[in-house]
Amino acid sequence: MGSVRYLLCSRGLFHLSKSSCMNTLVSRPGSRTRRFSVSSRCTTVMPAWVIDTYGNNDVLRFTKNASFPVINYPNEVIVKVFAAGLNPLDVSMRGGHGAATLSMKRDPLNIKQTGSEFPLVLGRDVSGVIMECGLDVKYFRERDEVWAAIPPWKQGSLAEFVVLSGNEVSHKPKSLSHTEAAAIPFVAMTAWSALVNTGGLSKDNCAKKRILILGGSGGVGTFSIQMLKAWGAHVTVTCSQNAEQFLRGLGADHVVDYTAGPVEEPLSALEKFDLILDNVGGDTERWALNLLKPWSGAKYVTLVTPFLQNTDRLGIADGMMQTAATVATKALKHLVKGVHYRWGLFAPSGPALDEVREMVDAGQIMTDNRVGLCCLCSAPLCVLSVRYGLWWRRLSAFPRSRRPLRRWRRGMLEERLWSRSAKGDKTDSTKK
Ligand SMILES: NC(=O)c1ccc[n+]([C@@H]2O[C@H](COP(=O)([O-])OP(=O)(O)OC[C@H]3O[C@@H](n4cnc5c(N)ncnc54)[C@H](OP(=O)(O)O)[C@@H]3O)[C@@H](O)[C@H]2O)c1
């Protein structure tokens, strides 16, 4: 079976990639045609962190025998991972969150057996180098430095290589190292989707708009503040007291501390808003929509939606019906009051990342290291932790009293991490 699969894979690659010969896909160190080296001599496997079932940290397993990614469509590219990033979504996916919807997206006709998504590779951000291009890929060439946000239904970046659609990939900002670049794409595309695709904002219509971000100190919040300030908006945020200086440093005009008491009161005393981005959820919907300017096209966009929980709990058909009913009811309820209620959902986009790259290279978007957040000391911890298999344990055990430090979860693997860790691991090992 394995050899049949190998034949099929190599055939697909041969026809769809620009390489004239399969052997050039993974060249040996020192090759003249490709200057990439892989940690395995075999062209069908690569090292990766995988999970074989949903569960807690113990399900994570490091293997040197994960399947090598294959170009299945002519618009796809294979990226060699130089740095990878984790998001809260990876942690919840490890536990099975969204499994029903994501499995349907991977296998819409439901041909494969339950559990066919395993071994599953997590990691939603990647910065690396294009290794191979499909026949239709015109925008990229091999060896281009790229970054991307990886959709949750695709194999992630905690591996030596990842295959993505060319539309999801963008050239990496020149001003950032791979490690810094891997901190941005997933939160950037989530914020972009919520603010631009759903909220209707753009650099041309943002000037002087009043925006409120609930939960401004997280990944999505810190990116959104910087992008909106670059576009000329007036930005108010809520966060805990210890993040206030940090957010003011990013450009927030007004900061409200949610740990000092209910935020409804201080926020109600302010001028009303044109758009609210809700990163917190819970009972915020009860009061936040009253803070919008009525009958002026003002929008409330929440990133905290029950969509994946509904399909996990009720199955695809019932879950989607329940989801549609919920969002339609809420949208109508608020429409009669003159404000728009919307759900924001992550959407990958290479062209949007191109625009983010321009903002990064212009110094309008900064990563943790450049704003001096504690990530400076946490990034090396992350690298060490990955090498010794402690990364995930630390991720979930991180003390809540040091919350700003949590941003290191999007922290990074140093270049060639996999080849180095492979040297230290003679055999496959579990995370324990
Ligand atoms: N719909 C989608 O496709 C999608 C995609 C990605 C993410 N999301 C969701 O978007 C949200 C934001 O993501 P993220 O990556 O930015 O998460 P994150 O980094 O964990 O940030 C959440 C932030 O919310 C703050 N917070 C918690 N409770 C708060 C409250 N009551 N009032 C104000 N701030 C509060 C925390 O600040 P402190 O540390 O200061 O307490 C934390 O920094 C998450 O809920 C995530 O699940 C949705």
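User: How many helices and strands are there in the chain?
Analyst: Helices (H or I, at least four residues) and strands (E, at least two) are DSSP runs, numbered from the N terminus. This is a predicted model, in which local features need pLDDT of at least 70 and side-chain atom pairs count only at pLDDT 80 or more, while totals for chains, interfaces and linings use all residues. Residues are numbered from 1 along each chain as its sequence is written. The chain holds 16 helices and 14 strands.

User: What percentage of the residues of the chain count as buried?
Analyst: A residue is buried if 20 or more other C-beta atoms, placed from the backbone, lie within 10 Å of its own, exposed if 12 or fewer, and partly exposed in between. Of the 432 residues, the share that counts as buried is 45%.

User: At what angle do helix H5 and helix H6 pack?
Analyst: Axes are lines fitted to C-alpha atoms, for helices over the stretch in contact, and angles run from 0 to 180 degrees between N-to-C directions. The axes of H5 (residues 185-198) and H6 (residues 219-230) are 9 Å apart. The packing angle is about 65°.

User: Which residues make the contact between H5 and H6, and how do they divide into nonpolar, polar and charged?
Analyst: Two residues are in contact if their C-beta atoms, placed from the backbone, lie within 7 Å. H5 contributes Val187, Ala188, Thr190, Ala191 and Leu195, and H6 contributes Gly219, Val220, Phe223, Ser224 and Met227. Ala, Val, Leu, Ile, Met, Phe, Trp, Tyr, Cys and Pro count as nonpolar, Asp, Glu, Lys and Arg as charged, and the others, Gly among them, as polar. The division is therefore seven nonpolar, three polar and no charged.

User: What span should helix H12 have, and how far apart are its end C-alpha atoms?
Analyst: The expected span is 1.5 Å times one less than the number of residues. Helix H12 (residues 350-361) has twelve residues, so it should span 16 Å. The end C-alpha atoms agree with this, being apart by 16 Å.

User: Within what arc do the buried residues of H12 fall?
Analyst: The buried residues of H12 are Gly350, Ala352, Leu353, Val356, Arg357 and Val360. Seen down the axis, they line one face of the helix, because the directions from the axis to their C-beta atoms fall within an arc of 150°.

User: Which peptide bond is cis, with omega near -5°?
Analyst: Most residues other than glycine have a negative phi, and most peptide bonds are trans. Pro119 is found in the loop between helix H3 (99-106) and strand S4 (125-133). The cis bond runs from Phe118 to Pro119.

User: Is Asn110, with its positive phi of about 55°, buried or exposed?
Analyst: Asn110 is not a glycine, and its place is in the loop between H3 and S4. Because it has 10 C-beta neighbours inside 10 Å, Asn110 counts as exposed.

User: What is the phi of Arg143?
Analyst: Arg143 lies in the loop between S4 and S5. With 12 C-beta neighbours inside 10 Å, Arg143 counts as exposed. Its phi is positive in a residue other than glycine, with a value near 80°.

User: Which residues does Glu117 touch, not counting residues up to four places away in sequence?
Analyst: Glu117 is in the loop between H3 and S4, and is partly exposed, with 16 other C-beta atoms within 10 Å. Under that exclusion, Glu117 touches Ser103 and Arg106.
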